[in-house]
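Please read the points below with the sequence and the 3D view side by side. They are short notes on a few places that deserve a careful look.

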Amino acid sequence: MTSKRTLIRGGQVYDHEGDVHKPALADILIEDDKIHSVGANLAPEGAHEVIDASGRLVVPGLINAHYHSHDVLCRGLFEELPLEMWLLYTLPMGADRSKDEVRARTLVGALESLRCGITTVQDMLGLSPLTDEQTDIVIAAYREAGIRVVFSPMVWDVPPIAMVRHKDSLPPAVQEMLGNKPRSIRDQLDYLEHQFKRHPAGGTLHWAIAPFAPQRCTPKMLQGCGELADKYDLAVYTHVYETRGQALIARELFADHQGSLISYMDDVGLLGPRLNIVHSVWISRQEIDRMAAADAGIVLNQLSNFKLKSGIAPVFDMRQAGVRLGLGCDNCSGSDVQSVFQAMKMFCLTAAVSEPEPGPGLAHEVLRHATIGNARTAGLAGRLGAIRPGYKADLILIDLNDVAYLPYNSAARQLVYTEAGRGVESVMVDGRMVVKDRVVKSIDEDALRREVVGLMRHFIADYDAVVKSRKAALPHMLDAHRRAWEPDIGMHRFIGRAR
Ligand SMILES: [Zn+2]
């Protein structure tokens, strides 16, 4: 079989180790799905396609290390809702949806991601029901879009009601609403293993294991997840300490584990290099140090943490502790945007207000987190995140004629602080040009738009019914939310108040 060779000529090629402000001009020879060589004046002989990248900045494809495709159609429906109250709506609106809707929502998320230069999404999907058919729809949609996915359907075996403080004071109807029963641990783990065999990792498909959150999983479930991760050599992602209420749950319900969810995961054998905890807004310094010592990672989602009133993650301590970091964009209805550019800027801005002293530049650091760091979270270090021989050919061409680069003084700084996504002109995933001249070639955008408009009639009617049914629970959730802010837990994650 002959291989396909593509030459990308004359672009400024962003190298994490090189001049990050004025990257050197270089050619990139791509053979099939991988970067074959990078250098000056590579010979075009034998190339099946030559792409002129003059006036372009060639950047490693951005990776979104935390995303959920289940609520894409909820985009723009919410604001000013704390996480626990927002979950009342967004979780049911992602469950038990039609095949057409599951396909469409997956494609819309992929479309937005590609247009914004994201070449890999880690989809921590709340797939309900957990069936072969639903799984096939999602994987087929990602293949069709041509985006790389680290697919991780979520598993859990503790119902949400178990984590509500003062649950006994809730009316029975509300208790029932939050008490949905999971399938057995064995069933869920068997489902995962079955999918790994049905759709072996390869090409643009990768797998990871995603226990919903440690407090939503029994030790047996977490141990099962750990064993599966070892057996298939996979990364693990789980939500940890997103809200103040979750820090309180740790102290109250996990006293046997030093009141710490990090200790709990350590005690069941999950704390280690495979593990990534998502959010970590209400994590203590001591716990951050434990994470760093275990080579476990933290995936920040500051856009959604701000929007869902969770607070500000302690980025100063995380950087000082040297814990490995990644970045995510989170739900379409929790941050409302799939933009790693926004996530990178947010990281730099929060780091800036956590340390008044001047410091070394952050832009090139956060570009590493969003590429190499995020690849590491998925166990794909050395394969994704840089434009180097042997790496997967996932890259983006940024148009330096965009006004964000007028004048053009620093690639790293302008990618992070001034790029709004407009400059993304072409996107290559796995050696295939999926976006060309700002058009996603793999998706018929007009047809998808028409399809979504049709689907939304049903969707909004169902959403209105969910809003109505949740009305009874709202005052109780608000009360629980307020109570979670009462005890002093020795940390502060909000800013902007005069006192
Ligand atoms: Zn999440």
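1. A residue is called buried here if 20 or more other C-beta atoms lie within 10 Å of its own, and exposed if 12 or fewer do, with partly exposed in between. Please also keep in mind that this is a predicted model.

2. With that definition in hand, consider helix α1, which spans residues 83–90 and is mostly covered, since six of its eight residues are buried. The buried ones are L83, E84, W86, L88, Y89 and T90. As for what covers these buried residues, the elements include α7 (244–253), α15 (445–470) and α16 (474–484).

3. The bond from S128 to P129 is cis, with omega near 0°, and P129 sits in the loop that runs between β7 (118–123) and α3 (132–145). The bond from L406 to P407 is likewise cis, with omega near 0°, and P407 belongs to the loop between β16 (395–399) and α14 (411–417).

4. D233 is not a glycine, yet its phi is positive, at about 55°. This residue lies in the loop between α6 (219–232) and β12 (236–240). Is D233 buried or exposed? D233 counts as exposed because it has 10 C-beta neighbours inside 10 Å, and the limit for exposed is 12 or fewer.

5. Q258, another residue other than glycine, has a positive phi near 60°, and its place is in the loop between α7 and α8 (261–267). Q258 has 16 other C-beta atoms within 10 Å, so it is partly exposed.

Methods:
Residues are numbered from 1 along each chain as its sequence is written. This is a predicted model: local features need pLDDT of at least 70, side-chain atom pairs count only at pLDDT 80 or more; totals for chains, interfaces and linings use all residues. Helices (H or I, at least four residues) and strands (E, at least two) are DSSP runs, numbered from the N terminus. Two residues are in contact if their C-beta atoms, placed from the backbone, lie within 7 Å.
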